[in-house]
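Biologist: I have a new structure open and would like to learn how to read it. Can we go through it feature by feature?

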Amino acid sequence: MTFHPQPQAGEPRPWDFPAPGRGALPNGLTVLRSHRPGQKVVAVEVLLAAPLDAEPEGLDGVATIMSRALSEGTDKLDAEEFAAELERCGATLDAAADHPGVRVSLEVPASRLDKALGLLADALRAPAFPDSEVERLVNNRLDEIPHELANPARRAAMALSKELFAPTLRCSRPRQGTEETVARIDAAAVRAFYDAHVRPSTSTVVVVGDLTGIDLDALLAETLGEWTGKPAERRALPSITSDDRARVVIVDRPGAVQTQLLIGRTGSDRHDPVWPAQVLGTYCLGGTLTSRLDRVLREEKGYTYGVRAFGQVLLSTPEGTGASLLGISGSVATDVTAPALGDLWQVLRTLAAEGLTDDERDVAVQNLVGVAPLRYETASAVAGTLADQVEQYLPDDFQAQMYARLARTGTVEATAAAVSAFPLDRLVVVLVGDASAIAEPVGALGLGPVEVVQA
Amino acid sequence: MGHTATPEAQSGGLTATEHRLANGLRVVLSEDHLTPVAAVCLWYDVGSRHEVKGRTGLAHLFEHLMFQGSGSVKGNGHFELVQGAGGSLNGTTSFERTNYFETMPAHQLELALWLEADRMGSLLAALDQESLDNQRDVVKNERRQRYDNVPYGTAFERLTALAYPEPHPYHHTPIGSMADLDAASLEDARAFFRTYYAPNNAVLAVVGDIDPEQTLAWAEKYFGTIPAHDGKPAPRDGSLPGVMGGQLREVVEEDVPSRALMAAYRLPHDGTRESDAADLALTILGGGESSRLHNRLVRRDRSAVAAGFGLLRLAGAPSLGWLDVKTSSGVEVPAIEAAVDEELARFAQDGPTAEEMERAQAQLEREWLDRLATVGGRADELCRFAVLFGDPQLALSAVQRVLEITPEEVRAIAAATLRPDNRAVLVYEPTGGAEAGADSDNEDEEGADQ
C-alpha cells in the first residue's frame, strides 16, 4: 500500500451546548425545552423534589417503590392497561429514586408525544397506588436484593457507602432499601410519601427533541398543566460529611476469580470552582484506556479489562454544600490483586511527585471539549444533562460554560486537583473478592488497617 | 387493525449511496448536516464462526490487537489520536462479523479514515509478541469480569453450546475459552490478519456531516492501494434443521441468587420475513411490561421477578429466541415452565390480538428510531445490511418490513418454532443458602474497550 502522512484537521464547525428555553405553567411546574432538529425520539425528564433523605425513618426504599408504582395504574386505567397504552405509543417510561429526588424519564416518537405526555401526566397527577400492586412491587423488590448483593460492583458500592458515611446519613445506606426496611412498605406508606413530596410547584419537566409542528405549550397545558397540588417549600437537604481515613475493607467472596476494586472518598460538587480542573485531572488519571492507570494496569501489565477514575455528584444543595463521590474502580484477577494495588498506588505517588505533562493536559482538553457534539447527539443525552443541572441547582448554561472553563484550565491546576482528589492517606479501599487469597498480600502493602467482612 | 407507521419511520429520512473501489472495498455514504459529526464504521466479514477448533476467541483477541499500532501508528496511537481529536471509538466482535468504529467531529473525519486504512494495510508491521501477550491477559480479564465472576455469567455460553451442537460454527461464543486464548500464537494472529483483513472482505460506511465527493476521494486515497486478497475460506456450514426435534436440557448447580429458567429456541435466519415475524412474536410474548409472560408470571402468578424474551438475529445460522425467567423466592422451576408452555401454546393457537400487534410494532419502530438517532448507529446498520445481506439500501426499509407483517404470520411462526421440541433449556438451582429473584444481560459481542 501507499503510505500517506497523517492528515491535518479541517475547519471546525462551531457547536454549542443547547441553551434551553425556560418557563413555568400556572400550576408552578417549571418547564425547560430544547428543539433538536432530526431527533425523532423525544426525551422528557421530570424531576420530583422527593429526595431519599425525606424517606421516613425505617422506610428506606419507599421512594423507590413509589416511583415504580407511578406507572401501576391511574384514575383512568389499571396497571395492565396503563402499561399497554404506553407501549402502544412506542414509549418507554422509567422512574428511579436517588439522593436528589425522583427522576421520571419518558422517551417516545415525536408523533405520539401528545398521547404519551397524557399518560405521564396521569401517572404524576393521579396515581392509583393499588394495595395489591404495591404489595407485588415490594415482594419483587425483596427478590431483587439478593441479585444486587451477588453483583460484585454493586456490592462494592454498598460497602463503600457504609464505610464513608455515618449510619444516620441516608447516603450511607442502599438507595433502594434493605430487606428489613422494604418489607415494612405498604400502599399507605407510598401514598403518604407521594402526598408529602410530589407536587407540580416543586417539580421540573425537561422536553428535548425535534419539536417541529408540535405546539408544546398547548400540549403541556392540557396534560401536565392539569396536575394540581398545594405549594410547598422545598425541604432542606442534609450536608454530607464522610470518614475517609485510609483503610481496607474486604468483602469476602470465597473462590472469586477476580477482585472488584472500589477506592473512594468524597469531595465537593460542581459548584466548587475546582470542578473543571478536577474533571481534567481525573480524566488524565483514569478516564480512558490511554490514561495513566490503564497505561500501567491494562496496557502494560494486563491485570484488568480496565480501571477508571471518576467524580460523581451525590447530592447538591442551593447553598453549595453538596458532595460528590471521587472513586477509582475496576476488577483485577485475584492472584494479582496486591501487585495491581501496589502499581495503582505508585501511579498516584508519581502523579503527586511529578505532576501531569502539558501534552497529557492538552490531549485531555481536546477530548473532553471535542466530544461535546458527539456526546449530545441524542435528545436523551441533552435532556439528561439539562435535568442534572436543575437537580444540582446549577445555571442552565453550566455545561456550555464548562467547555470554556476546561479550555482555560492549565496543567498545574489539573495536577493539583487530581492530587488533592486522591490523597494516599485519605482513601477507603473496598475489595470484593476471595479474602483467603488476597487479605495477606494486600495487608503487606500497608495501605491501612484491613478488615474482612462476610458477603 | 394494523399499526400505522409514524411519518418519520418510513426510512428515518435516511438515504445512502454505494461505491466500490478497485480492490473490492465497498463504501457506503450517507449525508446528514444537522450536527457537525461524522461516523466511520468498518465491518469485516469475519467473526467467531470463522474460528477453528482449538482457537476459539481468536477473532476477538485479534480485534484487540487492531488497537496496538500499525505501520504509521505507534502503540496505543489509534486510541490517542482519535480521542485527542475529540472522537470516540471502539471495536466489537460477534459470531458473524467484527466491527470498528469512530465518531468524529466532522472536521476530523480524514484522520479516522487514515487510521482505519493504516491498520487494514499494515497491521503486521507493528504486531509483536509483547502486545499479543498483554492483550491475551486483558481479554482473559474481560472474560472473568463479564462472565466468570458474575452470577449466571456463563448462561449464554452454555445455551449457545446446547443450541448449536458440535461441530457447528456457532457452538462457541466470541469470548472463547481460557485454554484456547492461552494457545493463540503470534503466527495464528498473523495468519488471521492475512486471511480476513482485506479490503474485499470489508464494508466502510461514513455517515454524517460529510461531503460525499471528498469522502470518496479520501477513501480512494487511503484505502485504494491496499491489495485485495482472495484466500478467504468459505465459512463452515451453519445450516441446521428448522427445529431441534427434541428438548435439550442442562441443570446448573451454582452459587446464584435465585432459581432461573432460561431457554433458547431455534428461529428463522435474519433477513427473512419469518425472522421479522418472530421478532414480533417474541416482543408480544416477552418484550416489555405489557407482554404476555410479564403479565402472567410477574403480575398475576407473581412467580417471577423478571420474565422476558430476546432475539439474537443471525444470518449464517438459525437465529435464537432467548427466554430468561428469574424466579421469585420459594418458587420452583417446573411451575414456571408449565406456565410458559401454556402461554406459548395459547399464542400458537390463537395468535396475537390487534392491540398486541400494534404495541409490538410501535415498540420495534421506536427501537429502530433509537438506532438511527446517532450517526454511528446509522453507519452500523448500513454496514450490517451490506455485509450480511449484500445491500445497504435494505437498512432504509427495515422498519417498513416489520410493519407489514400480518398477525397470521406471527401466529404461524410461533406455532412452528416456540415449542418444547425446539428448545434448549438451562435451569439454575442455587447451591448457597439465600434464594430469591433478577438481572443478567446476554452478550453476543465482545469489545476492545469496556
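**Reading the model**

Modeller: With 16 C-beta neighbours inside 10 Å, B:Arg302 counts as partly exposed. Keep in mind that this is a predicted model.

Biologist: Where is B:Arg302 found?

Modeller: B:Arg302 sits in the loop between α10 and β9 (304–312) of chain B.

Biologist: What is the phi of B:Arg302?

Modeller: First the general idea. Most residues other than glycine have a negative phi. B:Arg302 is not a glycine, yet its phi is positive, about 55°. Now take B:Tyr152, in the loop between α4 and α5 of chain B. Its phi is also positive, near 65°, and B:Tyr152 is not a glycine either.

Biologist: Is B:Tyr152 buried or exposed?

Modeller: Count the neighbours. The cut-off for buried is 20 or more other C-beta atoms within 10 Å. B:Tyr152 has 25 C-beta neighbours inside 10 Å, so it counts as buried.

Biologist: Which residues does a cis peptide bond join?

Modeller: In general, most peptide bonds are trans. Here a cis bond links B:Glu166 to B:Pro167, with omega about 0°. B:Pro167 lies in the loop between α5 (155–163) and α6 (178–183) of chain B.

Biologist: Next, strands. How many bridges join β3 of chain B to β5(B)?

Modeller: The idea is that strands of a sheet pair through backbone hydrogen bonds, either parallel or antiparallel. β3 (residues 37–44) of chain B and β5(B) run antiparallel, joined by 8 bridges. In this strand pair, B:Leu42 faces B:Tyr100 of β5(B). β4 (residues 88–93) of chain B also pairs with β5(B), in the antiparallel sense, over 6 bridges. There B:Asn90 stands opposite B:Phe101. A hairpin is formed by β4(B) and β5(B), with 4 residues between them. β5(B) is mostly covered, with 8 of its 8 residues buried.

Biologist: In what order do the strands of the open sheet in chain A come?

Modeller: The order of the 6 strands is β1-β2-β6-β3-β5-β4 (chain A), and the pairing is mixed. β1 (21–24) and β4 (92–97) of chain A stand at the edges with a single partner strand each, so one side of each has no neighbour in the sheet. From one strand to the next, the twist averages 15°. β3 (residues 41–48) and β6 (residues 204–209) of chain A run antiparallel, with 5 bridges. A:Val44 has A:Val207 in β6(A) as its bridge partner.

Biologist: Which helix lies across β2, β3, β5 and β6 of chain A?

Modeller: That is α14 (residues 379–391) of chain A, running at about 15° to β3(A).

Biologist: And helix against helix: at what angle do α10(B) and α11 of chain B pack?

Modeller: Two packed helices are described by the angle between their axes and the distance between the axes. For α10(B) and α11 (residues 333–350) of chain B, the angle is about 150° and the axes are 10 Å apart. The cut-off for roughly antiparallel is over 145 degrees, so α10(B) is roughly antiparallel to α11(B). The crossing is right-handed. Among the residues that meet are B:Leu293 and B:Leu297 in α10(B), with B:Ile336 and B:Val340 in α11(B). The contact divides into 6 nonpolar, no polar and 3 charged residues.

Biologist: Last, the chains. How many residues of chain B are in contact with chain A?

Modeller: 71 residues of chain B contact 61 residues of chain A. α12(B) gives the largest share of the chain B side, 9 residues. That side divides into 23 nonpolar, 29 polar and 19 charged residues.

Definitions and conventions. Residues numbered from 1 in each chain as written. Chains lettered and ligands numbered in written order. Predicted model: local features only at pLDDT ≥ 70, side-chain atom pairs only at ≥ 80, totals over all residues. Contact = placed C-beta atoms within 7 Å. Helix = DSSP H or I, 4+ residues; strand = E, 2+ residues; numbered from the N terminus. Nonpolar A, V, L, I, M, F, W, Y, C, P; charged D, E, K, R; others polar. Pairing = 2+ DSSP bridges. Axes fitted to C-alpha atoms, helices over the stretch in contact; angles between N-to-C directions. Parallel < 35°, antiparallel > 145°, perpendicular 65-115°, else oblique. Left-handed = near helix turned anticlockwise from the far one by under 90°. Buried ≥ 20, exposed ≤ 12 C-beta atoms within 10 Å, placed from the backbone.
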